[in-house]
Amino acid sequence: MRYAVRAIKYFAAFVVLYLAVTWLSLRASGLDVSVWDSVSATMRTPRGIALAVAVALLSAAYPKFGFITRRVEASTEEDRERIVTAFETSGFGLAAEEDGAMIFRAGNPLRRLLLLFEDEVRVEQYGQWVEITGIRRAVARAAYRLEWYMDNKRR
């Protein structure tokens, strides 16, 4: 169910982006055509249909490759301060701790909106590693920073 909700969110985001770009291009060109007329005319062409299908397919596939899990050699107990600092410098704050997992969320409402409210990143202990799971951009950024902090700890 969560996958379907994410796909619908991405589809809505792509539609809003398409409408915004269409509106901007119509205003920049000086044409006296409404956005809805332009979209309606576009969707009646084979290219318009292909665009709609491509957006639907991309929206359906994005949740599959838009979320990842990364591992960093660390301990949630010993390196807790470094983990929190890595996320804070990435724009995330500690929202909760439950069942040995640390849950981070975006630090401000605009960032949450830009991430379509899919801003939850979980950090859990996995052997000698911590697993960071969430949206690709946030996980990659936080994991990189945490690896840097851990490398500097070892020196």
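In the predicted model, the side chains of Glu 131 and Arg 71 are joined by a polar contact of 2.9 Å. Glu 131 lies in strand S5, which covers residues 129-135. Its relative accessibility is 17%, and Glu 131 therefore counts as buried, the cut-off being under 20%. Beyond its neighbours within four places in sequence, Glu 131 is in contact with Thr 69, Arg 70, Arg 71, Arg 122, Val 123, Glu 124 and Tyr 126. Arg 70 is 61 residues away from Glu 131 along the chain, yet the C-alpha atoms of these two residues are separated by 5.7 Å.

Strand S5 belongs to an open sheet of five strands, arranged in the order S1-S5-S4-S3-S2 with antiparallel pairing. The antiparallel pairing of S2 with strand S3 (residues 101-106) extends over six bridges. Ala 101 in S3 is the bridge partner of Glu 98.

Helix H3 comprises 20 residues (residues 46-65), which at 1.5 Å a residue should span 28 Å; the end C-alpha atoms are 28 Å apart, in agreement with this expectation. Gly 48, Ser 59, Tyr 62 and Pro 63 are the buried residues of H3. These buried residues pack against helix H1 (2-29), helix H2 (35-43) and strand S1 (67-73).

Methods:
Residues are numbered from 1 along each chain as its sequence is written. This is a predicted model: local features need pLDDT of at least 70, side-chain atom pairs count only at pLDDT 80 or more; totals for chains, interfaces and linings use all residues. Side-chain values use heavy atoms; hydrogens and water are left out. Helices (H or I, at least four residues) and strands (E, at least two) are DSSP runs, numbered from the N terminus. The expected span of a helix is 1.5 Å times one less than its number of residues. Buried means under 20% relative accessible area, exposed over 50%, partly exposed in between (1.4 Å probe, protein chains only). Contact means heavy atoms within 4.5 Å. Two strands pair if DSSP finds at least two bridges between them. A polar contact is a pair of N or O atoms within 3.5 Å; within protein, one must be able to donate a hydrogen and the other to accept it, and residues adjacent in sequence count only if both atoms are side-chain atoms.
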